[in-house]
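Dear colleague,

Please find the structure below.

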Amino acid sequence: MICIINLDHTVSLVLKKLMQEKQEMLSNIPSVDEFLKSPYGLQWLSSYPRKSVLKAVRMVLDEKRKEILSGLTPYVSMDILSSNIEKAIRRLSSYRLKPVINATGVVIHTNLGRSILSYKAIEHVITTARSYSNLEYEIAAGKRGKRYSNIKEIIKELTGAEDAVVVNNNAAAVLICLDTFAKGKEVIVSRGELVEIGGSFRIPEVMKASGAILREVGTTNKTHLHDYENALCGSTAMLLKVHQSNYRVIGFTEEVAIEKLAAIGKEYRIPVAADLGSGCMIDLKRYGVQGEPTVQEVVKTGADIVTFSGDKLLGGPQAGIIIGKEKFIQKIQKNPLLRALRIDKMTLASLEATFMQYLDEEKALSEIPTLRMMTEPVEVIKKRAGRIFRALKDISAKADLSIVPDESQAGGGSLPEINFPTFAVTIKPNNISVNELEKRLRLGEPAVIARIKDNALLIDARTVQEREIKELEFCVRTALTEPFFLN
Ligand SMILES: *Cc1c(COP(=O)(O)O)cnc(C)c1O
């Protein structure tokens with residue numbers, strides 16, 4: 001009995017001592033106010049927003065207090081605390097949307113922002129953003145103008161279409177076409193073209209959202225001209241041909257060419273629309289891209305309306321371009337939905353600049369980043385891989401490096417079956433796993449997004465920009481250095 005009481009007494013003494021220790025550690029942590037008045041605090045307040053400084057100080061101090069209360073006994077020095085706080089302040093006061101280095105080789109990487117803009121496009125955005133402009137003003141007449149009239153001439157000239165209008169993206173372009181011509185009526189589409197682009201753009205669902213009724217014809221692999229003809233009825237409002245974009249049906253297949261659809265459309269006086277998806281303006285056959293019709297070719301087929309994206313193969317900003325016969329484009333311009341889908345002036349500026357670059361095809365190929373990356377000769381990519389390799393050569397104690405041939409993709413749902421020969425630098429780290437290296441690069445500043453293949457990290461030189469090589473080198477060095485501080 002006595003023994004037990006003594007033990008209890010000892011335990012309570014120990015607990016009391018622990019509590020005292022915790023209290024002591026807690027009281028050693030400076031208060032928010034003390035921090036703000038310290039030289040650290042004064043310096044932060046002079047270079048960062050007060051809100052971010054306060055939030056960061058509170059956050060880090062709270063964290064430390066919780067650690068202490070939960071029994072962890074961190075070594076709390078002013079230096080460690082302030083370095084943690086400084087990192088938190090930087091995180092809180094920096095942009096969430098930030099540049100990343102695309103080392104995946106996927107040129108039109110939808111998750112990484114699709115196309116990067118050309119210098120001319122960027123310049124035109126800056127000029128337009130910092131001044132008032134004739135966005136909706138006819139300077140010669142001194143009166144109100146249309147938002148789309150500045151850009152439509154260049155689009156008409158380059159594509160050969162009678163008229164043009166632009167909206168926020170190609171999904172919006174398809175939506176407004178269906179809404180304008182086919183609300184409550186039938187739209188005939190081949191079963192082989194009921195595509196899902198990703199990010200929930202699915203032809204049947206866009207159709208539903210617009211109030212048009214989908215009339216599927218043919219089968220997955222074969223659709224004949226008579227399938228369309230047999231489906232025509234009093235409530236047919238449109239024949240729609242959708243580019244298969246991100247998949248191909250191969251083998252025993254048949255589809256109806258747009259020319260033939262355009263001919264039936266003309267005969268029965270029903271508009272024929274082609275959703276091209278990517279909207280390639282330059283014939284890429286000499287770069288190994290077969291079977292991708294250009295926008296100009298599709299316009300020549302006699303299709304009434306053609307829609308395509310601004311930021312896929314065109315290489316411009318996110319936008320949806322609608323071109324075609326004047327009477328149809330005019331009708332779209334009268335749809336009140338256009339106001340909701342209207343394009344912003346900065347997008348208009350970069351789109352205009354991008355289109356203007358197509359006046360000289362050779363220059364377009366070298367100056368529009370998406371086109372340049374897509375058509376760059378493999379020897380040029382190999383040289384860039386060599387430069388990345390040499391920049392990293394002296395890390396050989398930490399990782400094995402090599403240059404290997406590989407294949408890269410167009411991405412963005414474009415040209416799915418085509419692999420473009422490329423060169424990549426492979427990195428096999430010695431002290432950490434390749435997965436850890438991938439993660440560290442991803443969490444670095446700037447983030448480097450790379451692929452893992454055959455237990456090595458692959459830096460595809462196709463999508464790494466020349467100006468990024470120095471930063472890339474820094475990121476790889478940091479990631480391979482121990483200890484690695486993530487935050
Ligand atoms: C990509 C694509 C779309 C959607 O275009 P966004 O510009 O991404 O809105 C629609 N249709 C097809 C066939 C496509 O390839």
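Helices (H or I, at least four residues) and strands (E, at least two) are DSSP runs, numbered from the N terminus.

This is a predicted model, in which local features need pLDDT of at least 70 and side-chain atom pairs count only at pLDDT 80 or more, while totals for chains, interfaces and linings use all residues. Residues are numbered from 1 along each chain as its sequence is written, and side-chain values use heavy atoms, with hydrogens and water left out.

Within the pair, Val425 stands opposite Ile459 in E17. Both strands belong to an open sheet of 4 strands, ordered E13-E14-E17-E16, with antiparallel pairing. Strand E13 (399-408) and strand E16 (451-453) each have a single partner strand, so one side of each is left without a neighbour in the sheet.

Helix H15 (residues 345-357) has 13 residues, which at 1.5 Å a residue should span 18 Å; its end C-alpha atoms are 18 Å apart, which agrees. The expected span is 1.5 Å times one less than the number of residues. Among the buried residues of H15 are Leu348, Leu351 and Phe355, where buried means under 20% relative accessible area (1.4 Å probe, protein chains only). The cover over the buried residues of H15 includes helix H6 (119-130) and strand E4 (163-167), contact being heavy atoms within 4.5 Å.

Yours sincerely

Conventions
Pairing = 2+ DSSP bridges. Buried < 20%, exposed > 50% of the residue type's maximum accessible area, 1.4 Å probe, protein only.
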